Amino acid sequence: MPIQPTANIWYNGKLIPWEQATIHVMSHVVHYGSSVFEGIVNHTQPHGAAVFRLPEHMQRLIDSAKIYRMQIPFSLDELCAAVVDTIESNGVAPCYIRPVVIRGYGEIGVNPKGCPIETYIANYPWGKYIVGEAADVCVSSWNRLAPNTMPALAKAGANYMNSQLIRMEAEANGYSEGIALDVNGLVSEGSGENVFIVRNGVLYTPPLANSALSGITRDSVLTIARHLGLTVLEQSLPRELLYIADEVFFSGTAAEVSPIRSIDRIVIGEGKTGEITKKISDEFFAIANGLKPDRFGWLTPVKVVAPETVSA
């Protein structure tokens, strides 16, 4: 999905032209992967647009930075306001929002002492992440990060080298996406999505201890499922449970709620979007798109003068 430039990017407290948001090749982040970031979606509404769970995303950005001893010089409220300012200055909706905090140009070496902390926020039109009604995926040969190696709770750029291996391997073998196991061979997550399983009417998802990211959409799915009266269990899942599940789906900011048709060429259920997946998906999109009341307080309105449609 090619990036479509917009007019402005927020940088360290002010809006600058898109083409000026550059870094030096000797910046610490280039050599050591020292960045944390977020992915957020701004949906169109019947009478405007709104950002989905903005405070939760920006708090996770702050948390990720804290884990890596990166002191962001802006408060949660300031970061949320910066996202709104960026969207409104560019006038693009719906859109994808990418806040990123990096260690910049200062010193070379693994120790980042002396490298400045720089904060950027960009937004741009974006299409569908997983194309098609339901995805055909595989279990990856690449495991997720083992505990006490790199923190899985931090949404850090370096972690996504692992994600790249998972995604590239899947694509090379004719799949839309890969599902990674953790160091113990238990289900973890996709390259950029959390995983849910439905079996006998019960909704399962791996706990965060299985090296899974604390997904904002994951939390939204759990909230919606409980509101719908479903039994929800966060527990470790063996690989083979994927094959005998009634339904399996991904969740994530980019993937949103994406049903899975097959895993390792084994058809899941009836090979189409399952009843529970559809109920959760319909509720999720209805709230995100303003077609149902925002009863969970998930939406931050933005004023977009010139809405722009994102093509799939």
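Strand 1 (residues 8–11) and strand 2 (residues 14–17) pair in the antiparallel sense over four bridges. Strands here are DSSP runs of E with at least two residues, helices are runs of H or I with at least four, and both are numbered from the N terminus. Two strands pair if DSSP finds at least two bridges between them.

This is a predicted model, where local features need pLDDT of at least 70, side-chain atom pairs count only at pLDDT 80 or more, and totals for chains, interfaces and linings use all residues. Residues are numbered from 1 along each chain as its sequence is written, and side-chain values use heavy atoms, with hydrogens and water left out.

**Strand pairs**

Ile179 has Gly190 in strand 10 as its bridge partner.

| Strand pair | Sense | Bridges |
|---|---|---|
| Strand 1 (residues 8–11) and strand 2 (residues 14–17) | antiparallel | four bridges |
| Strand 9 (residues 177–181) and strand 10 (residues 187–190) | antiparallel | three bridges |

**Helix 2 against helix 3**

Helix 2 (residues 54–67) packs on helix 3 (residues 76–90) at an angle of about 120°, and their axes are 9 Å apart. This makes helix 2 oblique to helix 3. Axes are lines fitted to C-alpha atoms, for helices over the stretch in contact, and angles run from 0 to 180 degrees between N-to-C directions. Angles under 35 degrees count as roughly parallel, over 145 as roughly antiparallel, 65 to 115 as roughly perpendicular, and the rest as oblique.

On the helix 2 side, the contact (heavy atoms within 4.5 Å) uses Leu54, Pro55, Met58, Gln59 and Ile62; helix 3 supplies Leu76, Leu79, Cys80, Val83 and Val84. Nine of the contact residues are nonpolar, one is polar and none is charged.

**Cys80**

Cys80 sits in helix 3. Its relative accessibility is 12%, so Cys80 counts as buried (under 20%; exposed is over 50%, partly exposed in between, with a 1.4 Å probe and protein chains only). Beyond its neighbours within four places in sequence, Cys80 contacts Leu54, Pro55 and Met58. His57 is 23 residues from Cys80 along the chain, and their C-alpha atoms are 9.1 Å apart.

Notes: Ala, Val, Leu, Ile, Met, Phe, Trp, Tyr, Cys and Pro count as nonpolar, Asp, Glu, Lys and Arg as charged, and the others, Gly among them, as polar.
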